[in-house]
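Please work through the exercises below with the sequence and the 3D view side by side, and try each task before you read its solution.

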Amino acid sequence: TGQYCYSVGYERNSVISCSGRGASVAIFSVTGSHNRVAGCETEAVSVGDILLVDGDRHAVADNDFSYGSAGGYAIHLAAGSSYCHVHGNRILLGDGYAGVAGHIIVNNVVGDVLKSSGF
């Protein structure tokens, strides 16, 4: 019930099969490098972002971030992030995605349609 439900930093950590709600900034926050978020989901939340990613070379795979967030994004790749591999996630189109160039974004389901490259 603080700023984040799950916050991962530094290198080579994993958040796997987690669900959360009640944070004030983001449900999942990932910084540093070479971290992984896989198999996670959220219930309906009233928070800025569901997943906030900073740093580089993270893997964001096979998550269900299709539940709404108020005023934020389902997946938010911050301006300081790069070379993150975002694949196999489910995101409802209305929930949003924010990102910058320099990421590998493939095979995500957005608005119930498989997106083979990008959002």
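**Exercise 1.** Find which backbone nitrogen the side chain of N63 reaches, and decide whether N63 is buried or exposed.

*Solution.* In this predicted model, begin by locating N63, which sits in the loop between β8 (59–61) and β9. From there, follow its side chain to the backbone nitrogen of G39, which is reached at 3.1 Å. Next, look at the surroundings: with residues up to four places away in sequence left out, N63 touches V37, A38, G39, C40, G88, N89 and R90. Finally, turn to the accessible area, where the limit for a buried residue is under 20%; because N63 has a relative accessible area of 2%, it is buried.

**Exercise 2.** Repeat the analysis for N35, asking in which loop it lies and which backbone nitrogen its side chain reaches.

*Solution.* The loop to look for is the one between β4 and β5 (36–38), and this is where N35 lies. The side chain of N35 reaches the backbone nitrogen of N13 at 2.7 Å. The contacts of N35, again without residues up to four places away in sequence, include V8, G9, Y10, E11, R12 and N13, and also R57, H58 and A59. With a relative accessibility of 2%, N35 counts as buried.

**Exercise 3.** Name the residues that touch the most other members of the largest nonpolar core, and trace the strands that supply this core.

*Solution.* The core has 23 residues, and those that touch the most other members are F28, L51, F65 and I75. The elements giving two or more residues to this core are β4 (26–30), β7 (49–53) and β9 (75–77). As a general background, nonpolar side chains in soluble globular proteins tend to be buried together. Now take L51 as an example: beyond its neighbours within four places in sequence, it is in contact with F28, V30, V37, V60, F65, Y73, A74, I75 and H76. As for burial, β4 is mostly covered, with 5 of its 5 residues buried.

**Exercise 4.** Work out in what order the 5 strands of the open sheet stand, and which strands are at its edges.

*Solution.* Reading across the sheet, the order is β2-β5-β8-β10-β13, and the pairing is parallel. At the edges stand β2 (14–16) and β13 (104–106), each of which has a single partner strand, so one side of each is left without a neighbour in the sheet. Neighbouring strands of this sheet are turned by 5 degrees against each other on average, if direction is ignored.

**Exercise 5.** Determine how many salt bridges are counted, and state which parts of the chain the pair of D64 and R90 ties together.

*Solution.* The count comes to 2 salt bridges. One is formed by D56 with R57, whose closest N and O atoms are 2.8 Å apart; D56 is partly exposed at a relative accessible area of 23%, and R57 is likewise partly exposed at 41%. The side chains of D64 and R90 also meet in a salt bridge, at 3.3 Å from N to O. D64 lies in the loop between β8 and β9 while R90 is in strand β11 (residues 90–91), so this pair ties together parts that are 26 residues apart in sequence. R90 is partly exposed, with a relative accessible area of 31%.

**Exercise 6.** Describe where R12 lies and where Y83 lies, and give the phi of each.

*Solution.* Most residues other than glycine have a negative phi. R12, although not a glycine, has a positive phi of about 55 degrees, and it lies in the loop between β1 (4–8) and β2. Phi of Y83 is near 55 degrees, again a positive value in a residue other than glycine, and Y83 lies in the loop between β9 and β10. To finish, compare accessibility with the limit for exposed residues, which is over 50%: R12 counts as exposed at 59%, and Y83 is exposed at 51%.

Conventions. Residues are numbered from 1 along each chain as its sequence is written. This is a predicted model: local features need pLDDT of at least 70, side-chain atom pairs count only at pLDDT 80 or more; totals for chains, interfaces and linings use all residues. Side-chain values use heavy atoms; hydrogens and water are left out. A nonpolar core is a set of buried Ala, Val, Leu, Ile, Met, Phe, Trp, Tyr and Cys residues joined through side-chain atoms within 4.5 Å. Buried means under 20% relative accessible area, exposed over 50%, partly exposed in between (1.4 Å probe, protein chains only). Helices (H or I, at least four residues) and strands (E, at least two) are DSSP runs, numbered from the N terminus. Contact means heavy atoms within 4.5 Å. A polar contact is a pair of N or O atoms within 3.5 Å; within protein, one must be able to donate a hydrogen and the other to accept it, and residues adjacent in sequence count only if both atoms are side-chain atoms. Two strands pair if DSSP finds at least two bridges between them. Axes are lines fitted to C-alpha atoms, for helices over the stretch in contact, and angles run from 0 to 180 degrees between N-to-C directions. A salt bridge is a side-chain nitrogen of Lys or Arg within 4 Å of a carboxyl oxygen of Asp or Glu.
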